[in-house]
Amino acid sequence: MAVAAKDIAISAKGIHKVFNPGAEEEVIALQDINLEIEASEFISLIGPSGCGKSTLMRLVGDLIQPTAGELLVNGKMPARARLDRDYGMVFQAATLYEWRSVTKNVQLPLEIMGYSKSERQKRAQAMLEMVELGAFANHFPWQLSGGMQQRVAIARALAFDPSVLLMDEPFGALDEFTRERMNLELLKIWEQTRKTIIFVTHSIAEAVFLSNRIVVMSPRPGRITEIVRNTLPYPRDFNTRNDPAYHDLVANVRDLLRDAVGSLSADPSSGEYVSAQGAD
Amino acid sequence: MAPTELQRTTSLIASIRRRLTYYLPTIAIAVGVILLWEVIVVIFDIQQFLLPKPSAIFAEFMLQVDLWLAPDERSILFESSGATFWEAFGGFIIGCGGGILVALITSRWTIVSEATMPFAIAANSVPIIAFAPIMNNWFGITNPASKMAIVAVIVFFPTMINTVRGLTLVDVEQLELMRSYAATPARIMFSLRIPNALPFIFSALRVASALSLIGAVVAEFFGGPRATLGVYITQEAGAFDFAKAWTAILMASIIGISFYLVVLLAERRLMPWHVAFRQAG
């Protein structure tokens, strides 16, 4: 590769994750995951339901622990990284506290981390201005639209300046137009802050539009099928979607996903897998 | 531009008019029911010991008000109302306070709250009022503590159960968020669990406000000082002075409704963000 050796933000070696090991309902959620993510890289995890993309994200964030394998975040154990407040998290639901105003929501992590009141207010206002909600600081979450709520959630995740941003289908509940706008905004924020972002999504268009690399995953057991490098130049904007290279990438990822989904037509009684291509 | 005095006055009038139109059907129904009651009693010539006329109840009530206001007179009805109010209120504070406290303590340890919940739910189904004679023995029949104890036990369990639910039924992702901030359990308690429990606690307090008055009056049916509403009702009904008995029922209703309204106001004060109040704001 032309790029010189960069800092590795996240490194996963031989990660396995088994839910309910030994029990009847044992599920191999992830099998032999190997992945290195550079600092400031924007990585999308894409794949059908049950491919373990959210599980992988939650392993990185130390919300769950791997059954086997070695996972390092900024050279540390994930638990250490969590205690060092290295993670900002954004979920599909904005999960704002409805009893707190917008600015108080953004200030919550800062309160927990013991920032002074003036520092909290300053940072919250700066973050809200970055997501273009400076004028809504004293509104309550229910007074905002879904897209605005999600922007507050992003502001909150970035308020304490974590090095890694973990996003689990953050725009999954938004309509298509809002989603495209949010994609643009997120890219803008990423270019400003240079966070390492792991972005879980169901949308091929979104994954291709946003990321440096797209990790295509397949289910049963969850594993990485392929990692697609996306060389579309930044900054990306509305015109990016008209670029033939963009369409090639979308088609490429779609084909890879079709292979992955093909194994969904497995007959559980026989335990045999019937490929979608095989049926053609 | 600031609104002029005239604009402000007209908007005030408009808002009063809107409220009146909103409450008009309710007021109309109340007036209608009372009128119908009066008319039926007159037409069918119903004896006062079966059902007194609303006008007779009202006249008796006004007489009691006059007695109460006169410096050298005393109104047993108002004395009774005061006594019963304090029993209900005291029991409410002790029972609800205890319920919330126990819930906060037990929910700190999941095992403890899971172990106590079945007992609390079972106890909640027990007709606590049946213990009233026993409480009379324990605390003394004329001691308000015997009625307060009944009220406290009645409101304790629903408050505790609801509070535990509110503290434990927290959104998983909000807990994960707290985990990602490396928040301490105490922090999670104060920043997440307690605010999350407030709507649950207040719905319990609203139920408890009604239960506490019912508990106090019914406990008094089993005996108590002369000047309490329960005793007043049984004695006046026994003496066939039904207009008097009905004024006591009226007072009990007024206290019960006021109690409920106070809880409602406190609720709006403490959680103006809650879904139920958004349209009103």
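This is a predicted model: local features need pLDDT of at least 70, side-chain atom pairs count only at pLDDT 80 or more; totals for chains, interfaces and linings use all residues.
**View 1. Helices H8 and H10 of chain B are roughly antiparallel to each other, because angles over 145 degrees count as such.** The axes of H8(B) and H10(B), the latter made of residues 242–270, cross at roughly 165° and come within 10 Å. Their crossing is right-handed. On the H8(B) side, look for B:Leu198, B:Phe202, B:Leu205, B:Arg206, B:Ser209, B:Ala210, B:Leu213 and B:Val217. They meet B:Ala252, B:Ile255, B:Gly256, B:Phe259, B:Tyr260, B:Val263, B:Leu264, B:Glu267 and B:Leu270 in H10(B). Sorted by type, the residues of this contact comprise 13 nonpolar, two polar and two charged.

**View 2. Helix H8 of chain B has a kink of about 40°.** Where does the kink in H8(B) lie? You will find it at B:Leu198, shortly before the proline B:Pro199. B:Leu198 also belongs to the contact with H10(B) shown in the view above. H8(B) runs through residues 185–221, and its 37 residues span only 47 Å between the end C-alpha atoms. A straight helix would reach 54 Å at 1.5 Å a residue. After H8(B) comes B:Gly223, with a positive phi near 115°.

**View 3. Helices H4 and H6 of chain B cross at roughly 145°.** Here H4(B) covers residues 110–124 and H6(B) covers residues 144–168, and their axes come within 9 Å. The crossing in which H4(B) passes H6(B) is left-handed. Which residues make the contact? H4(B) brings B:Ser113, B:Met117, B:Ala120, B:Ile121, B:Ala123 and B:Asn124, while H6(B) brings B:Phe157, B:Pro158, B:Met160, B:Ile161 and B:Val164. Nine of the contact residues are nonpolar and two are polar, with no charged residue among them.

**View 4. Chain A meets chain B.** Now we step back to see two chains together. In this view, 19 residues of chain A are in contact with 16 residues of chain B. Which elements of chain A give two or more residues to the side that touches chain B? They are helix H2 (78–83), strand S5 (87–90) and helix H3 (102–112). The largest share comes from H3(A), which supplies three residues. Taken by type, this side of chain A has 14 nonpolar, two polar and three charged residues.

Conventions:
Residues are numbered from 1 along each chain as its sequence is written. Chains are lettered from A and ligands numbered from 1 in the order in which they are written. Axes are lines fitted to C-alpha atoms, for helices over the stretch in contact, and angles run from 0 to 180 degrees between N-to-C directions. Helices (H or I, at least four residues) and strands (E, at least two) are DSSP runs, numbered from the N terminus. A crossing is left-handed if the near helix is turned anticlockwise from the far one by less than a right angle, and right-handed if clockwise. Two residues are in contact if their C-beta atoms, placed from the backbone, lie within 7 Å. Ala, Val, Leu, Ile, Met, Phe, Trp, Tyr, Cys and Pro count as nonpolar, Asp, Glu, Lys and Arg as charged, and the others, Gly among them, as polar. The expected span of a helix is 1.5 Å times one less than its number of residues. The bend at a residue is the angle between axes fitted to the seven residues ending there and the seven starting there. Angles under 35 degrees count as roughly parallel, over 145 as roughly antiparallel, 65 to 115 as roughly perpendicular and the rest as oblique.
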